[in-house]
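Here is a short briefing on one protein chain. Keep the sequence and the 3D view open while you read.

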Amino acid sequence: MSLDQQKQEKFDPYHTWLGIAPEEQPANYYRLLGLRLFEDNPTVIENLADQRMGHIRTFQTGPHSKESQQLLNELAAAKLCLLNPTKKAAYDAQLRQKLEAQKKIEKPAEALPPPVPWSGSSSEMAGKSSPPKGPPPLPPLGAEDRTATDRSVPLSISAEGRKTIQTPAQVAVWTYAHYIGVAVLSVLILLLVFLMIRSWLSGTTEIAKASKTGQKTSAKEFQDKPSGQKMKSPSPKLPAPSSESSLPDSTEETQPEEPSFYSVKPEVHTGHSEFIRSVAFSPDGQWVLTGSGDFTAKLWDRHSGTELRTFWGHTGPVRSVAFSPDGRWVITGSEDRTAKLWEAATGKLLRTFRGHRDMVWAVTFSADGRWLLTGSLDGTAQLWEAASGRSLQTFQGHSGSVYAVALDPKGRWALTASRDQTAQLWDVQTGQRIRTFSGHTAPVWAAAFSPDGRWVLTGGWDKTAKLWETHTAKQVHSFQGHTDWVLGVAFRPDGRWIATCSRDHTVKLWDAETGQLIRTLQGHTHWVEAVAWSLDGRWVLAGGYDKTANLWEAETGKLVQTFCSYTDSVMAAAFSPDGRWFATGTKDARLRLWDSFSGRLLHTYPGHSGPIEAVAFSPDGKYLLTGSWDRTAKLWSTSPFETDRPQLRSFRGHTDWVNSVAFSPDGRQALTGSLDQTAKLWDVATGNLLHTFRGHTELIRSVAFSPDGRRVLTGAHDNTAKLWDVQTGQLLRTFQGHFHWVRTAVFNKDGRWILTSSWDQTAKLWETDTGNLIRTFQGHRGPVESGLFSPNEHWVLTASRDATARLWDRQTGVLLRVFRGHTSELLCTAFTPDGARMVTASTDGSCRLWDLATGWELAQFWHLSEDRWVVMLPDGYFAYDGSPETLAMVRHRDRTTGRLLSEEESQRFHRPDQVSKALVPPTQNPKSKE
């Protein structure tokens with residue numbers, strides 16, 4: 001047996017991942033979830049269960065994915081039991097009885113039962129040539145997940161563990177064996193000491209070499225510092241791309257002949273897929289940091305514009321970013337109510353700061369790196385100790401959200417800017433407010449200290465920036481020239497110039513002493529929300545809603561670099577009736593047709609002049625129907641022989657965006673829904689308008705035909721869904737119960753039920769004929785954008801802006817699966833016709849294919865500009881369009897060391913054959929039938 005196989009067999013997920021020692025196994029439900037015994041607060045139970053399950057999900061794509069899934073099943077069973085009052089009462093009674101029984105048994109230490117081994121053979125755990133089989137299929141309707149039932153209460157002591165009376169002869173034999181054991185143990189200890197001394201002596205040479213090269217302090221060293229200690233360092237620079245991509249001296253061990261499954265993490269460096277909300281320079285000016293609405297922060301090379309690293313982990317848009325003064329750490333603030341501290345060189349998450357009750361809108365470091373200041377929409381700012389994560393001070397006094405924060409260079413004062421139209425100065429030590437800067441006539445969005453702390457700069461929605469004297473709060477200058485809100489302000493490091501950015505798409509440079517405009521920097525095509533100076537004052541950086549960050553030379557105003565996005569939001573997706581193709585509609589106004597068996601992009605259809613928000617296949621798969629922000633719906637042919645003129649017809653008549661479309665069951669009619677509060681029925685063959693459905697008081701977001709084609713269903717932003725008669729246009733019924741916008745409304749196969757999804761974070765199941773509410777599916781932490789019945793109608797699938805899709809049992813409402821992987825909001829989902837797989841579409845620019853039974857991600861489909869594309873598997877294999885520009889964006893990172901592989905190393909994973917092999921369903925694979 002190989003060493004790897006031995007390690008695999010000895011792996012204990014309970015101990016390694018959850019800290020449950022072997023002697024505590026099998027753990028009861030409370031120990032499994034990290035709860036105190038008999039905890040009765042359902043909120044505490046749910047929160048800790050979600051934390052544990054979220055932690056275990058991070059191992060789903062690693063070498064122990066099978067153990068991860070089995071442990072997830074046990075955690076889910078424990079959560080469901082403890083959140084059900086009836087089941088919890090029965091379980092608690094059983095647990096108390098067994099615990100009492102154990103107390104009565106005098107148990108010697110050596111009689112502890114051995115830990116229960118992990119189920120599954122060693123050969124299954126050691127295999128690496130192909131993805132493991134995964135957990136069993138989803139439970140049938142009405143079945144309960146009993147995976148963890150037998151592991152819920154500690155086993156009773158076996159008979160071998162009870163005390164027995166020993167004879168003198170037995171004692172003598174035991175004593176003799178004891179002396180021999182002690183002698184052998186002593187020899188082993190001496191040998192171990194000798195080996196340790198030898199290793200230490202040989203290691204001193206390596207340590208000396210490392211010290212000469214100025215080796216960096218590790219993240220663990222940072223974490224082990226005592227509270228209050230300064231984060232001092234020799235201020236090392238971030239590694240250049242070449243150092244990260246360089247090959248080791250010997251590639252024999254690190255690069256096997258055939259890449260092992262999940263040994264690398266694939267990455268597509270496409271830039272941000274959503275608005276850039278914040279920007280920062282590294283202290284040495286070599287690196288650029290951006291935070292985005294796609295839930296990530298990214299690190300870029302200033303000179304080449306190359307994306308170097310992505311900081312993954314937030315579950316909401318990243319609103320603010322900052323470097324530590326020595327450049328070693330990065331802080332990010334997010335709408336998920338947290339701030340996170342990262343190691344800049346590796347992207348490793350070091351600490352999460354929790355405490356705000358609403359979105360964290362702003363973050364900054366103190367000049368010595370000891371403190372962090374965060375501002376939140378909860379109306380407060382908080383001061384934290386960076387080394388320990390301890391909250392030191394809360395600044396409370398604004399009557400509105402806090403949009404910006406700053407610390408003066410000497411660490412004496414904190415500055416906050418708020419929606420209440422003021423900026424306020426606070427004493428850091430006492431938390432007391434010192435003075436208020438009043439003068440803006442609208443919310444104050446941005447604030448900064450001058451490098452010497454003598455001046456305060458603010459920017460607001462009143463289209464002005466203002467300069468104030470710090471000690472007196474006297475207004476010195478009002479910078480007027482922007483034609484829209486001022487969203488960002490920054491002092492040049494020498495204090496002589498200031499930069500402002502605005503919703504008017506420009507950045508302006510001003511003389512701080514005279515208040516005169518020096519120049520206007522242009523290049524953005526949308527709102528500019530963030531601006532920053534390099535430490536040497538030569539460069540100005542700004543980021544905006546056009547998903548780009550621009551770099552200008554300050555003295556000349558020359559645009560020298562753009563850090564841009566190469567993808568766009570996927571807003572709609574649909575499978576063909578045979579499952580062979582799927583189509584996507586994207587924000588770049590293009591319809592794309594993909595081969596779901598090979599991953600290839602088959603065709604791109606230009607024609608719309610606005611984002612495509614709705615896509616549907618005709619029942620025979622020959623046509624596609626799209627709805628767009630250009631106020632039209634279009635009919636397309638899917639025939640490969642009509643690629644030159646695929647657009648067959650355009651349906652015009654709506655006066656606002658068309659964001660939902662559907663074919664009738666016979667394919668002869670088309671239905672469209674629009675922001676103009678109407679739904680329209682069209683004849684597909686002629687394009688004639690047949691009927692207009694009016695009655696909603698807000699924009700319509702969803703349309704659907706009943707299975708018999710006699711009724712129409714619409715969902716709208718008036719928080720309702722409505723049922724209509726197709727022939728007469730008469731309103732038959734209104735479904736009311738959501739307290740926020742209804743985003744989708746669909747029928748099941750026989751039309752008996754209706755499923756609606758809403759921004760109230762729920763989906764609801766209704767009885768069609770009566771309008772009665774049957775069930776509510778609740779658990780998402782963001783608006784639910786999409787809801788579907790599975791083809792077998794046993795399950796309900798929802799997709800949310802919390803970046804997850806969730807699978808529910810239709811009959812019981814129990815959550816069965818959570819699909820995580822997207823880095824931004826999910827907008828749409830679709831099932832394959834056989835219900836074995838599903839695809840999700842996201843604002844992160846990708847579509848992802850999932851296996852429904854296991855919950856595993858099978859592939860990522862990335863559209864780039866025009867006809868460029870990439871499809872990637874979780875094990876690193878990929879296929880692409882063949883262009884060198886696309887290949888340069890595909891990189892791989894070693895999962896063990898975190899090292900980014902070079903382009904040459906990444907190219908080894910270019911295996912279209914492996915991609916096709918993984919994507920072809922077993923039912924379509926001739927070899928599987930053999």
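**A charge over a ring**

The charged end of Arg-96 lies over the ring of Phe-38, 3.9 Å from the ring centre. Here, a charge sits over a ring if NZ of Lys or CZ of Arg is within 6 Å of the ring centre and within 35 degrees of the ring normal. Arg-319 does likewise with Trp-361: its charged end sits over that ring, 3.6 Å from the centre.

This is a predicted model: local features need pLDDT of at least 70, side-chain atom pairs count only at pLDDT 80 or more, and totals for chains, interfaces and linings use all residues. Residues are numbered from 1 along each chain as its sequence is written, and side-chain values use heavy atoms, with hydrogens and water left out.

**The chain as a whole**

- The chain has 14 helices and 60 strands. Both are DSSP runs, numbered from the N terminus: helices are H or I with at least four residues, strands are E with at least two.
- Of its 930 residues, 55% count as buried. Buried means under 20% relative accessible area, exposed means over 50%, and partly exposed lies in between (1.4 Å probe, protein chains only).
- The accessible surface comes to about 41400 Å², and 51% of it belongs to carbon and sulfur atoms. These areas come from the Shrake-Rupley method with a 1.4 Å probe; for residues, only the protein chains shown count as cover.
- Take the contacts between residues at least 6 apart in sequence: 47% of them join residues at least 24 apart. Contact means heavy atoms within 4.5 Å.

- Five of the five residues of strand E4 (residues 297–301) are buried, so E4 is largely enclosed by the rest of the structure.
- In a regular strand the side chains alternate between the two faces of the sheet.
- Ala-297, Leu-299 and Asp-301 point one way from E4, Lys-298 and Trp-300 point the other way, and all are buried.
- Strand E3 (residues 287–292) runs antiparallel to E4, joined by five bridges. Two strands pair if DSSP finds at least two bridges between them.
- Leu-289 has Leu-299 in E4 as its bridge partner.
- Four residues separate E3 and E4 in a hairpin, and Phe-295 in the turn has a positive phi of about 80°.
- On to strand E5 (residues 307–311): four bridges join it to E4, again antiparallel. Lys-298 stands opposite Thr-310 in E5.
- E4 and E5 also form a hairpin, with five residues between them; Gly-305 in its turn has a positive phi of about 75°.

**A four-strand sheet**

- An open sheet has the strand order E6-E7-E8-E9, with antiparallel pairing.
- Strand E6 (318–323) and strand E9 (349–354) stand at the edges with a single partner strand each, so one side of each has no neighbour in the sheet.
- Neighbouring strands of this sheet are turned by 20° against each other on average, direction ignored. Axes are lines fitted to C-alpha atoms, for helices over the stretch in contact, and angles run from 0 to 180 degrees between N-to-C directions.
- E6 pairs with strand E7 (residues 329–334) over five bridges. Phe-323 has Val-330 in E7 as its bridge partner.

**Aromatic pairs**

- A search of the whole structure finds 33 aromatic pairs. Rings of Phe, Tyr and Trp (its six-membered ring) pair if their centres lie within 6.5 Å; planes under 30 degrees apart count as stacked, over 60 as edge-to-face and the rest as tilted.
- Trp-741 and Trp-759 form a tilted pair, 4.7 Å centre to centre with 40° between the planes.
- Trp-741 is in the loop between strands E45 and E46, and Trp-759 in the loop between strands E47 and E48, so the pair ties together parts 18 residues apart in sequence.
- Trp-741 is partly exposed at 29% relative accessibility. Trp-759 is partly exposed too, at 22%.
- Tyr-877 and Phe-909 form another tilted pair, 6.3 Å centre to centre with 50° between the planes. Both residues are buried.
- Ring pairs link Trp-361, Tyr-403, Trp-445, Trp-461 and Trp-485 into a cluster.

- Ile-754 is in strand E47 and is buried, at 0% relative accessibility. Its contacts include Leu-713, Phe-735 and Phe-789.
- Arg-492 is in the loop between strands E22 and E23. Arg-492 is buried at 6% relative accessibility, and among the residues it touches are Trp-497, Trp-533 and Glu-555.

Technical notes: Lists of a residue's contacts leave out its neighbours within four places in sequence.
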